[in-house]
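Here's a quick look at the metal site in this one.

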Amino acid sequence: MIVKSESEREGMRKASRVVKAALDAAESVIRPGVTTMEVDAVVENAIRSMGATPSTKGFEGYPNASCISVNDVVVHGIPSLQTIKDGDIVSVDITALLNGYQGDAARTFAVGNVSPADLALINAAEAAFFAGIEYAKAGFKTGDIGSAVQLYTELHGYGVVRALTGHGIGHKMHESPEVPNFGKKGTGSPLKVGLCICVEPMITRGDWRVTIDRDGWTVRTADRSRAAHYENTVIITDGAPEILTL
Ligand code: MF3
Ligand code: CO
Ligand code: CO
């Protein structure tokens with residue numbers, strides 16, 4: 001667990017702004033008829049135009065600048081010739097490195113005429129994040145965040161994915177501690193002022209179980225229900241966390 005100095009926090013803020021701008025660029029081009037590979041190219045250009053580099057490209061062999069996960073794909077969807085269609089829900093997850101600091105964030109975008117149930121799912125992922133960060137503050141533990149995310153999610157009838165978690169972040173994309181989206185209050189790692197973490201609920205309209213495609217990356221709901229992802233990089237303080245990727 002690495003607490004950041006004020007100058008390091010400034011580095012985290014700048015990297016996070018790149019990520020947010022790249023997410024906005026992705027959102028602006030997502031529409032029916034566009035391939036996920038085309039969206040990825042826009043993301044990569046946006047990141048590089050700001051002097052940053054896409055951290056996921058080459059990370060453990062991952063090929064692209066973004067993860068683009070459509071419908072029942074939860075996370076780590078690999079950009080491809082798959083065409084985005086009216087009614088799809090498209091999750092975009094971006095990590096960028098600027099001056100040695102990482103920013104990481106994800107959103108799920110609704111394309112055209114999306115069903116009310118899918119819109120509710122997308123909103124619930126965001127609301128679960130905000131329920132979780134009520135406890136993202138010095139004096140609480142990672143399990144307090146996870147427990148709040150799980151409580152919110154399950155109370156509203158959704159499944160919360162357990163196979164992947166949030167994480168610390170800094171010079172590396174993934175640092176300690178793990179930040180699960182489930183668990184028991186009062187357990188896990190203590191949160192300290194200056195710690196940077198990513199809180200990232202991944203929720204489904206069905207069960208929490210997932211499978212991985214033969215490509216070794218694509219994480220899909222086992223029951224093929226649709227899923228949504230909402231992630232921000234935050235700095236722990238004595239009060240409300242500073243959310244860097246809003
Ligand atoms: N952005 C992801 C996260 O939220 C990690 C990307 S996995 C990769 O932790 F394989 F695409 F690099
Ligand atoms: Co991410
Ligand atoms: Co993350």
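E231 is buried, because its relative accessibility is 0% (buried means under 20% relative accessible area, exposed over 50%, partly exposed in between, with a 1.4 Å probe and protein chains only). E200 is buried as well as E231, and D93 counts as buried at 12% relative accessibility.

This is a predicted model, so local features need pLDDT of at least 70, side-chain atom pairs count only at pLDDT 80 or more, and totals for chains, interfaces and linings use all residues. Residues are numbered from 1 along each chain as its sequence is written, chains are lettered from A and ligands numbered from 1 in the order in which they are written, and side-chain values use heavy atoms, with hydrogens and water left out.

Here's what holds the two ions (donors are N, O and S atoms within 2.8 Å of the metal, or 3.2 Å for Na, K and Ca; water is not among the atoms, so sites may look incomplete):

| Ion | Donors | Distances |
|---|---|---|
| cobalt ion (ligand 2) | D93 (OD), D93 (OD), D104 (OD), E231 (OE) | 2.1 to 2.5 Å |
| cobalt ion (ligand 3) | D104 (OD), H167 (NE2), E200 (OE), E231 (OE) | 1.9 to 2.2 Å |

D104 bridges the cobalt ion (ligand 3) and the cobalt ion (ligand 2), which lie 3.2 Å apart. E200 sits in the loop between β9 (196-199) and β10 (202-204), and E231 in the loop between β13 and β14, so this pair ties together parts that are 31 residues apart in sequence.

As for spacing, the donor residues of the cobalt ion (ligand 2) run D-x10-D-x126-E, and those of the cobalt ion (ligand 3) run D-x62-H-x32-E-x30-E.

Terms used:
Helices (H or I, at least four residues) and strands (E, at least two) are DSSP runs, numbered from the N terminus.
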